[in-house]
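Dear colleague,

Please find the structure below, followed by an account of what was found in it.

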Amino acid sequence: MRRYKIIHRTYYNFSGAVLLGPHTMRLRPREDHELRIESSVLNISPDASLSWHRDVEDNSVVMATFNTPTNKLAIESEVVIQQYNLSPLDFVVADYAINYPFAYLQEDWDVLAPYAVPIEQPASDSLTDWIAGLWHPGEQIQTYSLLQRFAAHIQQTIAYRRREEAGVQSALQTLSSGTGSCRDLANLFMEAVRHLGIASRFVSGYLHAQPSSFDYGATHAWVEVFLPGAGWKGFDPTLGNIVGTEHVAVAVARKPELVPPVEGSFSGPIGANLDVGVWVIDL
């Protein structure tokens, strides 16, 4: 078991006094048999009324509402977790899905179908050609090996670039530019496997790693793929490998834009500065 303290601070400084609209936050990690929350503290200034709920994906979401004008907003989350995913390759895939291609059972497909629909449909010629370079009809390969092939190829051929601007690049944009952030690389991986009929979903969370070109104080993104018999298993194309102990999932969704850590609105003078800091500390 590994223990991590996750500190996530978000500060907005406005150009004048503003009225804050409701703000939605996804900052609490997803608890399951592999991850337990030991403690969790959320401090918000100015004072806010908080309402917690689970969304359709079972993500933990808190809604903050405000009553007083302010020229700044501070959101500080501190969570201590216990991570038990020490052997990420210790899983068993159902016999019929060990090798690709395979077909989901109908009862699973009824639920998974929305997760297998590509966002970019029909696929661009560039994306189709890129996929064909990694797998061609008639080739039989272990499903895990195919997914690992895609993740490793993205890591080896697409240059990581930290992007501060909002939004996610399309798969075509990432292939055309040859660069992307972690969320862009995740979106490319997700689009590719969906075009192969494999159900996948976008994951927003945190990564514990030594400071590097892609990890020095930010949230992280990867993809989970549904493997019959094993369930949702994570693949990180930024690292080119399966998700392990260092990854902490916070929110999942069919589309990347559905799970921003913080979203909200304000009315008042135009202009705001944003400062975000993230620390994942091994305890």
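Which strand supplies the largest share of the lining of the second largest pocket? That share, four residues, comes from S13 (strands, E, at least two residues, and helices, H or I, at least four, are DSSP runs numbered from the N terminus).

The model is predicted: local features need pLDDT of at least 70 and side-chain atom pairs pLDDT 80 or more, while totals for chains, interfaces and linings use all residues. Residues are numbered from 1 along each chain as its sequence is written, and side-chain values use heavy atoms, with hydrogens and water left out.

The second largest pocket has a volume of about 530 Å³. Its lining has 25 residues, and Asp 32, Glu 34, Asn 85, Glu 224 and Trp 232 lie nearest its centre. A pocket here is an open set of points on a 1 Å grid over the protein atoms alone, where a 1.4 Å probe fits, with protein on both sides within 12 Å along at least five of seven lines; lining residues have an atom within 4 Å of a point. A volume is the space filled by probe spheres set on the points, which are joined across faces, edges and corners.

The largest pocket has a volume of about 1,000 Å³. Among its 32 lining residues, Glu 164, Ala 166, Arg 183, Thr 219 and Pro 261 are the closest to the centre. Elements that each supply at least two residues of this lining include H5, strand S1 (2-20) and strand S18 (272-282).

Yours sincerely
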